[in-house]
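Subject: Structure handover

Hello,

My notes on it come after the sequence and coordinates.

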Amino acid sequence: MSAVAETSADAGLLVRMSLNARSGPLSEEHAALVGRYLAEPPLRAATDATIDGLGLRLVHASQQGGLLLTSAGLDSPFRMRLADFFPRQTTGVQRRMLLACAMVASFVAFFPRPEDLEDTNERLRRRDVDDVDRLVRDVSARLDAEARAAGEELDPPIDEPDLARAWTVWRQTSNSKKGADGREREVGTRQVVVRCLDLLAEQGLLRTIVKGETYASTRRMQAMARELVGSLAWTQVADVAEEQTP
Amino acid sequence: MSQVPSTAVPVSLPSALGGALDEAVGRRSRALLYAARIGHIEEARQRSQDERLRPYRAPELCLHAIDAVAVRMDLESGATWEQARAEVAAQAARQHPAGSDDDHRHVAEWLLRQLTDEQDAQWLDVGADGSAVHRTHRVFLLYETEQSGLHHLRARDQAINVLVDALDLDIDSAQHAAEARLEHLIKRGRHDDAYLAARDSRMQSIRFMEQVRDDLREAERDLRSEHWSSTVSPRLSAALDHIVDRIRVEERLKQLIDSATDRAEEDDFRWIPRTIELLDECLDRHQSLQQVIAEARDTFLLEQQRQHLQPRTRRAYAHPVNDVLTDVLARQCGAADALVELVELALGARAPRLLSEWAGIDLLAVEPHAPAEHGREVAAVELTPDREPLLFTSSQVAAAGALLEQVGSEPVALATLAARAEDPAAAHALALLALAHRSPELGTLHGQGIRSALLAVPADGDDALTSPGLLLQRVELTEPDADAEADARDAERLADADAARTGEPDLVEAAA
């Protein structure tokens, strides 16, 4: 093999290993490749090009955590689609909103302060499912009180579920473990949160301490939370800018 | 470490009573917050609805927990959550021997969660003009962290401070003091107290290590933001000096104990080996720290030469709860799809798998194409016959009919008749035609004016298995007179008996 082909092969291997990596120590071969990535410009360039070409994006690179990748763009073959994992939760617009809020809350609950997102902050947290639900309910209660004080109309017209505010949907959904007939609820907020946390654990972003109960964050999740908070804050800014331009 | 607030102004000595706030009081009150946190945990236990927490006392367990975590700490690793929990559970078992292992583990888990949880506490600082400033300080004693993919607990510098019963002591001086105390006690031959002093000294060395660890991270960050000078940062060089000093003193102390052993009494030998063990531990820790700092310096310089780490601008992040989550919850549900897309990007990548169950459904649910404006092209249809070709030619059927016509009032076996057929196909046709004459509606036929009918009846001894076949006979249907009626009844009886049979004689065989 020529030197170029060898570099390309190593780059491909590194991308493959990074895609399969979950939380935990890197294998020896993987750690060696990451070390070379950080040290050798040719391999770095080749890997970056491979990542770009496959429709991926590099979120974070470090010797200890390796390369953390996510999909770039909506048509990337590596994209995770929530509809694949939550077929019943994504049928209606209100349910999709509930799911999106549960996901955002799952990230935020483990990194509730700005300094938690900083790379130098190495503190990780353990959280129970109820902690996540309670966090959303607390914020929702505050928003509700504010809206009522402002005399806002909160009930959307019946034919326009799009206009319902997210917090009202969350407040209207039960968080009890069991329904009135003693069966496990399917669409309670608690169940949605559990499934979000399980999916995050499956992606190697969380560690499962007690399945369905307690989870612990990882450094990988910190990098992803940074991304999410950044992009959400950005859309917020963009929305405001849009409102202001006529 | 952040013991001294950087905003602190050089304060005047507390001159007159009530003249100004004492800056040292403020600092010590902050150090007290950490001790107070342990009290809060005890209060939380008492308030808790959880019956299982009742028999235990939290403050002692907290101290044990911090101790267990601190002594296992080195630069790279420490006690895992499970190890710390086992240690605390063992202490809990001593407090409440009647409890079950499950209860002990439960209280240990609860306690670790409390120790790692953070709480904001208030303290009074001295402002620039000597006035009181309320400040909020975030207090937590232990924290969980990840290094090289492995998770472990670490004790904060301030938490260890609580253990050694000190308020806001500078580590360097504290260690000097501990060593001086140790030296003094050894010289006086008070080996039991010397052991306790050595324990303090060990805790100070752990505190110091935690501080160096923070400094190393700080240095790393400085490097990224290109503030790194060509020498090691001043804090790290000060640390290096401190370590060299400690190593020297610790070796001298060991020699001192050696010489003191000669004069030691029987009782002292319970303490001397333990003291030496502690000193060895400190010595080990300091030596490895020295090595790490020296190596770190080389690594940093080397990495800087390679220019790998891009200068990073420090970003100010939006507040995750107050800004981001609040904003998300305030949105209308119409924004759901845009949100889901953003969330999906934060889930990371996953290599596409072939046909997961839902991907399969996607494939099946592909929408049909909409018809084109002018209709579709008409396909040339190739027609295929929709049934089997006829079994018999008309001549074969006619030949078979002629054979049946020949049957007279004399009974003839179907097999005999079939033998006269020209080929097996004709014989088959004959058999099928003959079947039509089994149990005919004689009454109806008679009503239609037919006076002669062909009857097919089973041959004698036909058991429907061996299939000897049918007998064919032509009967005359006469006007109803007695004889004829009897004849007709005979014929009907024959036909009924035949119809009662369920078995179908194998005609082909019979024909053959």
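Predicted model: local features only at pLDDT ≥ 70, side-chain atom pairs only at ≥ 80, totals over all residues.

Chain B

Chain B contains 18 helices and 7 strands. Of its 512 residues, 28% are buried. Taking the contacts in chain B with a separation of 6 or more, 68% are between residues 24 or more positions apart.

One sheet in chain B is open and has 3 strands, ordered β5-β7-β6, with antiparallel pairing. The edges are held by β5 (412-413) and β6 (452-458) of chain B; each has a single partner strand, so one side of each is left without a neighbour in the sheet. If you want a residue pair to find the spot in a viewer, Ala413(B) lies opposite Leu471(B) of β7(B).

Contact between chains A and B

How many residues does each chain bring to the contact? Chain A supplies 69 residues and chain B supplies 49 residues. On the side of chain A that touches chain B, the elements giving two or more residues are these:

- α2 (28-39), α4 (82-85) and α5 (93-110) of chain A
- α6 (129-149), α7 (166-172) and α9 (219-244) of chain A
- the strand β2 (66-71) of chain A

Which of them gives the largest share of that side of chain A? That is α5(A), with 11 residues. Sorted by class, the side of chain A that touches chain B comprises 44 nonpolar, 13 polar and 12 charged residues.

A general remark, in case you plan to compare interfaces: the size of an interface is often given as the accessible area lost when the parts come together. The counts above are of residues in contact.

A sheet in chain A

Chain A has an open sheet of 3 strands in the order β3-β5-β4, and the pairing there is antiparallel. Its edge strands, β3 (126-128) and β4 (206-210) of chain A, each pair on one side only. From one strand to the next, the twist averages 30 degrees. Strand β5 of chain A, residues 214-217, runs antiparallel to β3(A) and is joined to that strand by 3 bridges. Within this pairing, Arg127(A) has Tyr215(A) in β5(A) as its bridge partner.

Regards

Key:
Residues numbered from 1 in each chain as written. Chains lettered and ligands numbered in written order. Helix = DSSP H or I, 4+ residues; strand = E, 2+ residues; numbered from the N terminus. Buried ≥ 20, exposed ≤ 12 C-beta atoms within 10 Å, placed from the backbone. Contact = placed C-beta atoms within 7 Å. Nonpolar A, V, L, I, M, F, W, Y, C, P; charged D, E, K, R; others polar. Pairing = 2+ DSSP bridges. Axes fitted to C-alpha atoms, helices over the stretch in contact; angles between N-to-C directions.
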